[in-house]
Amino acid sequence: MIVARFATVDGLREVPTSSTGEGWAVPGGITLTGAELARRDRLRFAADRDAYTAAHLLVRACAADLLGVPVARVRLEQHCPRCGAAGHGRPSIAGEPGVFVSLSHTRGYVAAVAATAPCGIDVQTVAASIPRTAITGRERRWLDAQPDPLPAFTRLWVRKEALVKAGVADEPGAIEVLGASGPAERHGRFDVEEWAAPGSAKGSPAALGCVVSAPDRS
Ligand SMILES: [Zn+2]
């Protein structure tokens, strides 16, 4: 089972609000933990704080839908394996070792997934440049042949990030996500699903996302 959602930050708001964390369209009156609030409040820009809040609420909503419980019963935990802090790092649901969750936020867009098997999700606004180290030689040659390389690179990048979050590798550059004729729809045992936010008139998307999920172990 899997519950995945991509959304705009504005779409999750009940009413336009300040960055107090109130006014979000998530039922049950849930709030972020102290560690999450501390992490969020270190972000410099209101747009980034709002995206953080929206993603951390959305992942609770996805887990609640998956578990069939009120969202206020969902306790999100995060522990960073690198610095030891809470409020970022791989998320999990307290008391639910069989539930896998992942979340992502970028300015204006958020994504979250909860599933009964390993999963990962990512959303990014279209990249402004292509980092050399993150792609394989084959991916570089494919990108060079694309008429619009920045959205094409972003399609690869969200796949890599989602697969890293699902535990496939430690570094995005270590994963090749190109299939026979373009960005892959499978990676090993993982299903890969793409998402795109409509952009301006030219047809280029405003943001791209990807969710990867392993089949249920049953
Ligand atoms: Zn850390």
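These legends go with a set of close-up views of a predicted model. Residue numbers start from 1 along each chain as its sequence is written. Because the model is predicted, local features need pLDDT of at least 70 and side-chain atom pairs count only at pLDDT 80 or more, while totals for chains, interfaces and linings use all residues.

View 1. Helices here are DSSP runs of H or I with at least four residues, strands are runs of E with at least two, and both are numbered from the N terminus. The C-alpha trace spans about 50 × 45 × 30 Å along its principal axes. Of the 218 residues, 38% are buried, meaning that 20 or more other C-beta atoms (placed from the backbone) lie within 10 Å of the residue's own; 12 or fewer makes a residue exposed, and anything in between is partly exposed.

View 2. The mean pLDDT (the predictor's confidence in each residue, from 0 to 100) is 88, and 91% of the residues reach 70 or more. Residues 15-23 are another story: the pLDDT there is below 50, though the stretch has eleven contacts in the model beyond near neighbours in sequence. A contact means that two C-beta atoms, placed from the backbone, lie within 7 Å. Where pLDDT is low, the predicted coordinates should not be read in detail.

**View 3. An open sheet of four strands, ordered β6-β9-β8-β7.** The pairing is antiparallel; two strands count as paired if DSSP finds at least two bridges between them. β6 (119-125) and β7 (186-187) sit at the edges with a single partner strand each, so one side of each has no neighbour in the sheet. Helix α4 (residues 149-165) packs on the sheet and touches β6, β7, β8 and β9. The direction of α4 makes about 150° with that of β6, using lines fitted to C-alpha atoms (for helices, over the stretch in contact) and angles from 0 to 180 degrees between N-to-C directions.

**View 4. Strand β9 and its two partners.** Seven bridges tie β8 (residues 190-197) to β9 (residues 207-213), and Val192 faces Val212 across that pair. Seven bridges also join β6 to β9, where Ile121 stands opposite Val211. β6 is mostly covered, with six of its seven residues buried.

**View 5. Ala214, in the segment after β9.** Ala214 counts as buried because 20 C-beta neighbours lie inside 10 Å. Leaving out neighbours within four places in sequence, its contacts are Ala117, Pro118, Cys119, Arg189 and Phe190. Asp191 is 23 residues away along the chain, yet the C-alpha atoms of Ala214 and Asp191 are separated by 6.3 Å.

**View 6. Helix α1 (residues 34-41) and its buried face.** Glu36, Arg39 and Arg40 are the buried ones. Looking down the axis of α1, the buried residues fall within an arc of 100°, so they line one face of the helix; the arc is that of the directions from the helix axis to the C-beta atoms. Gly34 and Asp41, on the other side, are exposed. The cover over the buried residues includes α2 (46-67) and β3 (86-93). Arg39, for one, is in contact with Gly87 and His88, leaving aside its neighbours within four places in sequence.
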